[in-house]
Amino acid sequence: MYFSIFACLFILKKMIRLLNNYELTTYNTFGLRAYAKRFFEFTESEELSIFLQREKLPEKYLIMGGGSNLLFQSDFDGLVIFPNIPGVVEEHEDRSFTYLEAGAGVEWDELVRLSVHYGLGGLENLSLIPGKVGASPVQNIGAYGVEAKDRIHLVRAIDLATGQRLEFTNEQCRFAYRDSVFKNELKNKLVVTSVVFKLDKFPEFKLEYGALKQEVERLGEVNLVNIRQAVINIRESKLPDPQKLGNAGSFFKNPVIDAHVAQQIIDNYERVPHYQTPDEGKIKLAAGWLIEQCGWKGYRDGNVGVHADQALVLVNYGGAKGSELVQLANKIQTSVFDKFGVKLMPEVNIIGG
Ligand SMILES: Cc1cc2nc3c(=O)[nH]c(=O)nc-3n(C[C@H](O)[C@H](O)[C@H](O)COP(=O)(O)OP(=O)(O)OC[C@H]3O[C@@H](n4cnc5c(N)ncnc54)[C@H](O)[C@@H]3O)c2cc1C
């Protein structure tokens, strides 16, 4: 049985919508104009199971959260599945941890705000990441030395082929850097309906990454509220607000490459930022630095460009087509490969084309 201080924070309003030719421009943070042939929104997981019993799943479908990691190259000629499931409830607790279950449709940063408000530690470094809870395990979101995988206890989902409810333990999610089983074997096979997070009652803080420690100290005491605020301050100073300038955050993943190849680059360019990874024999390079070295930072071509302060962020200055962004991304990939021999892979999901 759920008991909860959290349950009362959300009014659980049931809603199902099935719409044709639905505009997605405000549903993607690039602000790209695109239409879905059909759009199915639901607020309870049962509705998806019922839908799957009644309708044959079309060949083309897309599971969508907040659209902050999507690039529409064209209209989407299929069904968009939009699991707008609300609610954050305390599922259970033990001496050290509180287990919160959050619906797939909860705004990620709202969950972080709530956890900090109730003094629960673990998500504070992930403040202000756009998107919804349902997508957080898919690409194992991360920032400031923390990844969603560090706090995900269970992922609940519905199998699109059978309508069955499934549950994945942290281990079964096979998390890796910006990666999980949901991006590989199970890509597009299931809809995440909720995620259970294991949060510290007695938080330990992670401040080693970047300028976080200095910013927290500037704000005062080291506590959850100040860490969250410090992360927000740093992110707001560095990253463009998608409400003002269309973007999807980091366009490319930081490449993780063989240590001996990385060493050759480090020998030639001693200032290249590089990091150890849990994989022995592999080094992670900063994609933004590689792109900057190729002269792309601040580049603009018509409606698209590379952000002036953040070379990893491609932007839509307004009215861009998805294909223009893809062309720019291709040029960047080619020039980084020509200069460093490193292949950049998009972090953003490119849809259609
Ligand atoms: C300004 C900005 C800053 C960002 N900073 C970061 C950062 O610091 N760290 C980071 O990791 N990411 C960052 N991102 C990327 C993005 O916020 C994350 O990838 C986020 O988790 C995407 O969530 P979403 O709900 O918008 O998912 P969407 O973009 O809608 O979807 C992303 C992928 O997840 C799948 N998906 C979505 N919901 C579900 C579901 N319920 N079930 C199954 N599959 C689903 C989609 O099919 C798609 O493949 C940033 C983006 C922006 C715009």
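The protein chain holds seven helices and 20 strands. Helices are DSSP runs of H or I of at least four residues, strands are runs of E of at least two, and both are numbered from the N terminus. The radius of gyration is 21 Å, close to the 20 Å that the globule rule gives for 353 residues, so the chain is as compact as a globular protein of that length. This radius is taken over C-alpha atoms, and the rule is 2.2 Å times the number of residues to the power 0.38. The model is predicted: local features need pLDDT of at least 70, side-chain atom pairs count only at pLDDT 80 or more, and totals for chains, interfaces and linings use all residues. Residues are numbered from 1 along each chain as its sequence is written.

The C-alpha trace spans about 60 × 50 × 35 Å along its principal axes. Of the 353 residues, 41% are buried (20 or more other C-beta atoms within 10 Å of the residue's own, with C-beta atoms placed from the backbone). Contacts are pairs of residues whose C-beta atoms, placed from the backbone, lie within 7 Å. Among contacts with a separation of 6 or more, 64% join residues 24 or more positions apart.

Five strands form an open sheet in the order E6-E7-E12-E10-E11, with antiparallel pairing. Two strands pair if DSSP finds at least two bridges between them. Strands E6 (88–93) and E11 (165–169) lie at the edges with a single partner strand each, so one side of each has no neighbour in the sheet. Within the sheet, E10 (residues 152–159) runs antiparallel to E12 (residues 190–200), and seven bridges join them. Ala157 stands opposite Val192 in E12.

Technical notes:
Buried ≥ 20, exposed ≤ 12 C-beta atoms within 10 Å, placed from the backbone. Contact = placed C-beta atoms within 7 Å.
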